[in-house]
Amino acid sequence: MLRTVHFEHLRPGELVEEKKRFPVVYLPIGPLEWHGPHLALGMDPLNAAAISERVAQRVGGVVLPTFYWGTERERSPEMLEHIGFDRDDWVVGMDFPKNSMKSLYINEDAFGVAVREYLRVLVEQEYKLIVIINGHGGENHIRTLERLAAEFTATTPAKVMYTITTFLPEGEQDFGHATRVETSILTALHPECVDLGTLPEKGTVLHNQDFAIVDDLTFRGFPTPEYTVRDDPREASRELGEKTLAFSVDTISKMVTDAYQQLDK
């Protein structure tokens, strides 16, 4: 049994043996990004790292050090309007004007080059399946990773599989930003990184613009009339976080197993 799944903690002989047995490597990735005043900026990569570790422990393979990078673009006029801004405002990702600090977003071109180099060296290491586990929902960020996964799969001996981190259990529909589910996940993983006391007391509505917390329906073009948050982070629970993590690990484990079984077919 492998001593640890963490690449950086393994000796060369251990890495070689695990690669012979199950030549799969995981790359958890996500930016240090504003997730409301109540969550640590590492929400996305911390989630990706935890999912990667749990999947590797279940099905095999090794996990690279988390890649704390990610990119975002300016919001479209339509999205600005849905969130409650003016159509001609300039807002990049979740860096809303009232935030106390900016996210550590990387230029899209530099991000693509960095991920490309990471994939290149992993192909040289002769991994057969490279699994990008992405914690960040930026559209241009996702497009960059999906494009590189398709290119490397088509042009190298390796298969590069891309997946998001979070899959919602039946009955859940909250794919929002810093809302109930994300707050629940970080509460389960790192409760010390969550402080709901930085938000107003329950009963006070949360406006998107005030906290840069945005629910899924708003992202999909269906905001409330007052541009407020529906999937309230103050309703988060450790139980929901663990349930979501478990379902995500189940889903991704099956995806990895299926992809590996298809390699030689």
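**Reading a predicted model: histidines, sheet and core**

Author: At a relative accessible area of 1%, His 38 is buried. The model under discussion is a predicted one. A residue is called buried if its relative accessible area is under 20%, and His 38, at 1%, therefore falls in that class.

Reader: Where in the chain is His 38 placed?

Author: His 38 belongs to the loop between β1 and α2.

Reader: Which residues does His 38 touch, not counting residues up to four places away in sequence?

Author: The list includes Ala 178, Thr 183, Cys 193, Asp 195, Ile 213 and Pro 233. With Ala 178 there is also a polar approach: a polar atom of the His 38 side chain lies 3.2 Å from the backbone oxygen of Ala 178.

Reader: Is His 177 buried or exposed?

Author: His 177 counts as buried because its relative accessibility is 7%, and the cut-off for that class is under 20%. His 177 is located in the loop between β4 and α6. Its side chain reaches the backbone oxygen of Trp 34 at 2.8 Å. Beyond residues up to four places away in sequence, His 177 touches Glu 33, Trp 34, His 35 and Ala 212, among others.

Reader: How many bridges join β1 to β3?

Author: Six bridges join these two parallel strands, and Pro 28 stands opposite Ile 133 in β3. Between β1 and β2, likewise parallel, there are two bridges; Val 25 has Val 62 in β2 as its bridge partner. β3 and β4 (residues 159-164) pair in the parallel sense over six bridges, and Leu 129 has Lys 159 in β4 as its bridge partner. From β3 to β4 the chain crosses through helix α5 (residues 139-155), in a right-handed β-α-β crossover.

Reader: Which way do the residues of β3 point?

Author: In a regular strand, side chains alternate between the two faces of the sheet. In β3, Leu 129, Val 131 and Ile 133 point one way, whereas Ile 130, Ile 132 and Asn 134 point the other way. Six of the six residues of β3 are buried.

Reader: How is a nonpolar core to be read, and how many residues has the largest one?

Author: In soluble globular proteins, nonpolar side chains tend to be buried together. The largest nonpolar core of this model has 37 residues, and Tyr 26, Val 55, Val 131 and Val 256 have the most contacts inside it. At least two of its residues come from each of β1 (24-29), α2 (43-59), β3 (129-134), α6 (180-189) and α9 (238-261). The largest share, eight residues, is supplied by α2. Another core lies apart from this one; its 25 residues include Leu 27, Leu 145, Ala 158 and Val 160.

Reader: How far apart are His 6 and Glu 53 in sequence and in space?

Author: They are 47 residues apart in sequence and 7.7 Å apart in space, C-alpha to C-alpha. His 6 lies in the segment before α1 (12-21). The side chains of His 6 and Glu 53 are joined by a polar contact of 3.4 Å. Neighbours within four places in sequence aside, His 6 is in contact with Glu 53 and Val 63.

How values were computed:
Residues numbered from 1 in each chain as written. Predicted model: local features only at pLDDT ≥ 70, side-chain atom pairs only at ≥ 80, totals over all residues. Heavy atoms only, no water. Core = buried A, V, L, I, M, F, W, Y, C linked by side-chain atoms within 4.5 Å. Buried < 20%, exposed > 50% of the residue type's maximum accessible area, 1.4 Å probe, protein only. Helix = DSSP H or I, 4+ residues; strand = E, 2+ residues; numbered from the N terminus. Contact = heavy atoms within 4.5 Å. Polar contact = N/O pair within 3.5 Å; in protein donor to acceptor, adjacent residues only side chain to side chain. Pairing = 2+ DSSP bridges. Right-handed = clockwise from strand over helix to strand, strands pointing away.
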